[in-house]
Amino acid sequence: MDGQDFADRSQLKPAVVLTGTAKEGSAAPPIGLVDIGVSDGAFLFRVALPGVRKDQCKVKCEIQRDGKVHIEGVITGVGVPKDSSAVFQMKVQQLCPPGPFSISFNLPGPVDPRLSSPTFRPDGILEVVVMKRRTPPTDGGLPPQ
């Protein structure tokens, strides 16, 4: 890369002013931020997937009985804005680049993966509620007499 190319790239860095809650975070939401909630009978997890569009890619979420969660998918790199026929080559890119991704994490306890309800929200958040695995009673399951 020559000096002129470097100078051209440095001038492309946009000025971004952040206020309110945006100022507390980063300029672009990183992929894979995870929130985990716990209730008496279930776990809730939310995963940030900015740049992943439900209608343009397949996101696969596997949940194992021990609470391990594995999410994989592809961020598309189409440079065509909605309602436009022009194709743009990105010169400044602060969002996650296109390509495959995977995210793995553990929930705080065992679950029943058959009892899960995933929702891919329009804001790029994958939200899943999965029921905790019920352990069989150790006393044989008979009620006290």
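**Figure 1. Two helices and seven strands make up this protein.** Helices here are DSSP runs of H or I with at least four residues, strands are runs of E with at least two, and both are numbered from the N terminus. What you're looking at is a predicted model, where local features need pLDDT of at least 70, side-chain atom pairs count only at pLDDT 80 or more, and totals for chains, interfaces and linings use all residues. Residues are numbered from 1 along each chain as its sequence is written, and side-chain values use heavy atoms, with hydrogens and water left out.

**Figure 2. The largest nonpolar core has 19 residues.** To belong to a nonpolar core, a residue must be a buried Ala, Val, Leu, Ile, Met, Phe, Trp, Tyr or Cys, joined to others through side-chain atoms within 4.5 Å. Buried means under 20% relative accessible area (1.4 Å probe, protein chains only), while exposed means over 50% and partly exposed is in between. The members that touch the most others are Phe-45, Val-47, Leu-49, Ile-71, Phe-105 and Leu-107. In soluble globular proteins, nonpolar side chains tend to be buried together. Across the 145 residues of this protein, 21% count as buried.

**Figure 3. Zoom in on Leu-49 and its contacts.** Two residues are in contact when they have heavy atoms within 4.5 Å. Skip the neighbours within four places in sequence, and Leu-49 still touches Ile-31, Val-59, Phe-101, Ile-103, Phe-120, Gly-124 and Leu-126.

**Figure 4. Phe-45 and Phe-105 form an aromatic pair.** A search of the whole structure turns up one such pair. Rings of Phe, Tyr and Trp (its six-membered ring) pair if their centres lie within 6.5 Å; planes under 30 degrees apart are stacked, over 60 edge-to-face, and the rest tilted. This one is edge-to-face, at 5.2 Å centre to centre with 75 degrees between the planes. It links distant parts of the chain: Phe-45 sits in strand S2 and Phe-105 in strand S5, 60 residues apart. Both Phe-45 and Phe-105 are buried.
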